[in-house]
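Please read the following short report alongside the sequence and the structure. It moves from the overall fold to a few individual side chains.

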Amino acid sequence: VSTQSTGSSGINAEYGKKEEFRKLFMEYAQELQDPEKRKQYEDELSMLEQQRGVDMKFVKPDPGFVVKVQDTEGKKVFINICRSDLIEKPEFTVGEKVGENGKVERGQQCQLPMSVSPVHMEKDNKGVECPVYDVAFNPEVII
């Protein structure tokens with residue numbers, strides 16, 4: 001699951017028109033299919049980010065379940081709910097405050113860390129392209 005986006009199209013439209021760019025991009029995509037090359041890419045990227053002082057981890061979640069919803073136009077959207085130990089555990093805190101009426105009010109607050117991927121397109125059972133989001137939570141959240 002990645003949390004970076006390059007914009008609505010994913011690739012700058014100008015570059016997409018250039019044959020050389022498309023060819024190089026397709027070669028890159030093919031290389032990432034090889035597990036050894038993908039690991040090398042991830043290791044090199046992690047090293048570069050560490051040099052900049054950024055602690056970066058690649059989240060490779062375990063599958064959970066799929067939620068099908070509709071967008072504001074009534075079109076299908078799929079949300080893949082996943083688990084990963086790299087996502088922080090949920091945190092619950094109890095607090096209190098003095099309300100407007102002077103009474104002490106007690107409540108509970110929940111922090112629910114997650115990692116959300118940029119949208120990607122996949123085909124549904126009927127072959128229709130639909131937007132898909134991957135959302136990863138700590139395994140304590142998804143049973």
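Read from one end of the sequence to the other, this predicted model follows the pattern α-α-α-β-β-β-β-β-β-β, which amounts to three helices and seven strands in the chain. When contacts between residues at least 6 apart in sequence are considered, 42% of them join residues that are at least 24 apart.

Of the 143 residues in the chain, 17% count as buried.

One part of the surface is a nonpolar patch of about 500 Å², which is made by L112, M114, V116, V119, M121 and Y133. Among these residues, L112 lies in the loop between strand 4 (104-111) and strand 5 (115-116).

The cysteines deserve a separate look. The number of disulfides comes to zero, because a disulfide would need a pair of cysteine sulfur atoms within 2.5 Å. C82 counts as buried because its relative accessible area is 9%, under the limit of 20%, whereas C110 is partly exposed at 43%.

| Residue | Relative accessible area | Class |
|---|---|---|
| C82 | 9% | buried |
| C110 | 43% | partly exposed |

Conventions:
Residues numbered from 1 in each chain as written. Predicted model: local features only at pLDDT ≥ 70, side-chain atom pairs only at ≥ 80, totals over all residues. Heavy atoms only, no water. Patch = residues over 30% accessible without salt bridge, like charges linked within 9 Å, V, L, I, M, F, W, Y side chains within 5 Å. Areas by Shrake-Rupley, 256 points an atom, 1.4 Å probe, with all protein chains shown as cover. Salt bridge = Lys/Arg side-chain N within 4 Å of Asp/Glu carboxyl O. Helix = DSSP H or I, 4+ residues; strand = E, 2+ residues; numbered from the N terminus. Buried < 20%, exposed > 50% of the residue type's maximum accessible area, 1.4 Å probe, protein only. Contact = heavy atoms within 4.5 Å.
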